Amino acid sequence: MKSLSFLFAPSGTCLSSVEEYLKSQGVKVFDVEDYMSRLLEVKEELSKRGRFRRTMLTLVWHSPVHKVKKWWRDAWNDLQSDLFKEENFDHAVIGGHAVYYSGQRNEFYSAVDLNLLKRLKEQLRDEGILIDKVIVLIDDIYDMYHRLTRPNEIFDFNKIFEKTKGLLIDEYDFTRDKEDIKLIVKHGILHKLLNWRQNEILISETISEELEARFIVFALKQRRSLLLKLISSTDLPIIYVSHPITRFRRDVISKWKKGVSYSWPRIVYEEINELPKIFETHNIILISPTAIDELRIALDILKLSPRWPVPGNTLWEADVDVNYTDFFIANHRDSLNNKAKILSLLSIAQIIDQLSARDHKLVFYADAILVYRPLCGANSFSGGVLTELDYWSNIIKSNETGKRPRLIYLHLMEDITQDIIKNEVVAIIRNEPVSIADFLKTKIDIHEDMIRQFLTRLTSSGRSSAVSPRGRLSPEEEKCLSDNAFNLMRETLRYCITKLFIYPQDILSDYRLRRSVSVIVLDDFHKVQNFNWKDEIKRTSENLSGIEKILDYFMKTKDISDFLKSFKH
């Protein structure tokens, strides 16, 4: 079946370059703004101003909203006419901006006419063409800033600086410090770009809902072949990968601040950044959280720390230094940089807000969430991973849309260490004896006094504490405890391992959550390539085989074996 996708993007996100790439791959592309620039009325409007190089900038900057909306509708009618004349395509794209910005009025608005889009959907359905996706392209805000603040661009820094300087000095007598004005202008532009990107996402999402099409947020710093596959297929599953980030960059930032040479951990280059490529061979689209990496501001020195490495073959145009170390300028006459830090904090707050909203959407619209090696380098989940798992849990529990994305934990055996037994498991047993005893009563048919005695011995040394709550164990009780020691140990470990390796904690007690969970433990990273991920995504019941593999490993460790031997007569 033929398909049509909408591709929206805020300015500064290389939409034209992406469209050219898609054309080179045989995708038929129709761009709304191209059609608008061909309108006779638009050409006449532009000729009055004598500016032709940046037609859309000139048009949108000066023209009233009602005129731009009319031109958009006229352009749409021409585009639609050409679309129906075009027969030689399997997959087509309509590209454009869902949101415009008028610098003259400092106003964001959308010219998209939803009624025309819905009418097209009905007409295409009769032609056997499906509108199946609405994709919005995004990029790091620092890249957008770099592209759009150059001379003659929409946020030309020098022009905005001169205008702002005139207002703050001549009209309001706010400040005469040009360094302060530069700070105000820079953060003002940054906030506008953040708002523009967020508005583009929101309007695109609304369009997808009206068209009943799949909504996808796609960042430029991802493999370009993934976007092509998205557009060229109607049923590819999408996985959002959740993994620790801060713990892998901590050493990098520490060395960078000291001016010492640094390198990113092996797991970043050889595993995490390779996952999209591996899953692509399974015809699965994997969305990476680090395709946008903005929350890396070293506030103490007012610099951007090194960006998460960008993989190869992406849509991103590497025309500048991706790290933008000196992005946050300081006023050198303010030795403490207090003004710069206050403005930077406001920008950080807005970046954090958007990060939360964006991650929630990525989780919500995914077919599955892959939690990759959450215990690598630590014995607990990172804060970012926990937040995304909470998003997933709330989506399942609300059940408002019937969505039930699969949650897949992927652990590697190298993260399963005996230190977990010595530290984390022992701590859980000592802190939660009552809960563990209640759990064991549901698993093993044995008197609760025997369970308590078992747990007492487990947290002590040897058999010196062989006294039950009602006195010393009788020979019969001792034999009963010995006969059940192995199962008691395994189920105790199950309780602890589940708490350590799965989150949220109510997964196993809530059927709605449990049936959507898989725990996979592989021997090494190379096994990821050969695993049947498509079947795992489609699974409709729980798969806790990984928990059993972890239990088998721990039951064979020396500490556990020695403890169980103490029960042998």
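Which helix is Asn484 found in? I found Asn484 in helix α19; helices here (H or I, at least four residues) and strands (E, at least two) are DSSP runs, numbered from the N terminus.

**Ground rules.** This is a predicted model, where local features need pLDDT of at least 70, side-chain atom pairs count only at pLDDT 80 or more, and totals for chains, interfaces and linings use all residues. I count residues from 1 along each chain as its sequence is written, and side-chain values use heavy atoms, with hydrogens and water left out.

**Asn484, continued.** I looked up its burial next. Asn484 counts as buried because its relative accessibility is 17%; buried means under 20% relative accessible area, exposed over 50%, and partly exposed in between (1.4 Å probe, protein chains only). Setting aside neighbours within four places in sequence, I see Asn484 in contact with Ile444 and Ile446, where contact means heavy atoms within 4.5 Å.

**Confidence.** pLDDT is the predictor's confidence in each residue, from 0 to 100. I get a mean of 89 for the protein chain, with 92% of its residues at 70 or more. Residues 462–470 are a stretch I'd flag, as pLDDT stays under 50 there. For that stretch the model has 20 contacts beyond four places in sequence.

**Whole chain.** I noted 24 helices and 16 strands in the protein chain. Its C-alpha atoms fill a box of roughly 105 × 70 × 35 Å along the principal axes. Of the 569 residues, 55% are buried. I also checked contacts between residues at least 6 apart in sequence: 80% of them join residues at least 24 apart.

**Cores.** In soluble globular proteins, nonpolar side chains tend to be buried together. So I looked for nonpolar cores, meaning sets of buried Ala, Val, Leu, Ile, Met, Phe, Trp, Tyr and Cys residues joined through side-chain atoms within 4.5 Å. The largest has 165 residues, and Leu22, Met36, Trp72 and Tyr409 touch the most other members. Helix α9 (residues 178–211) gives the most to this core, with 11 residues. Another core lies apart from it, with 28 residues, including Ile408, Leu412, Phe525 and Val528.

What does Leu22 touch, not counting residues up to four places away in sequence? My list reads Leu7, Val27, Val29, Val93, Leu227, Leu228 and Ile231.

**Helix pair α1 and α10.** Two packed helices are described by the angle between their axes and the distance between the axes. Helix α1 (residues 15–24) packs on helix α10 (residues 224–232) at about 65 degrees, axes 11 Å apart. For the axes I use lines fitted to C-alpha atoms, for helices over the stretch in contact, with angles from 0 to 180 degrees between N-to-C directions. That makes α1 roughly perpendicular to α10; the scheme is under 35 degrees roughly parallel, over 145 roughly antiparallel, 65 to 115 roughly perpendicular and the rest oblique. On the α1 side I noted Val18, Tyr21 and Leu22, and on the α10 side Arg224, Ser225, Leu227, Leu228 and Ile231.

**Helix pair α17 and α18.** Helix α17 (residues 433–443) and helix α18 (residues 448–458) pack at about 130 degrees, with axes 10 Å apart. That makes α17 oblique to α18. Pro433, Ile436, Ala437, Leu440 and Lys441 of α17 meet Glu448, Ile451 and Leu455 of α18.

Which peptide bond is cis, with omega near 0 degrees? I logged the one from Tyr503 to Pro504. Pro504 sits in the loop between α19 (475–501) and α20 (511–514).

Cys14 is not a glycine, yet its phi is positive, about 60 degrees. I placed Cys14 in the loop between β1 (2–8) and α1, and it counts as buried at 11% relative accessibility. Leu302 also went on the list, with a positive phi near 50 degrees. Leu302 lies in the loop between β10 (297–298) and β11 (303–304) and is buried, at 4% relative accessible area.

**Gln123.** Last stop: Gln123, in helix α6 (residues 114–126). Gln123 is partly exposed, with a relative accessible area of 29%. Beyond its neighbours within four places in sequence, Gln123 contacts Gln80 and Phe84. I also took the C-alpha separation of Gln123 and Lys43, 80 residues apart along the chain, and got 30 Å.
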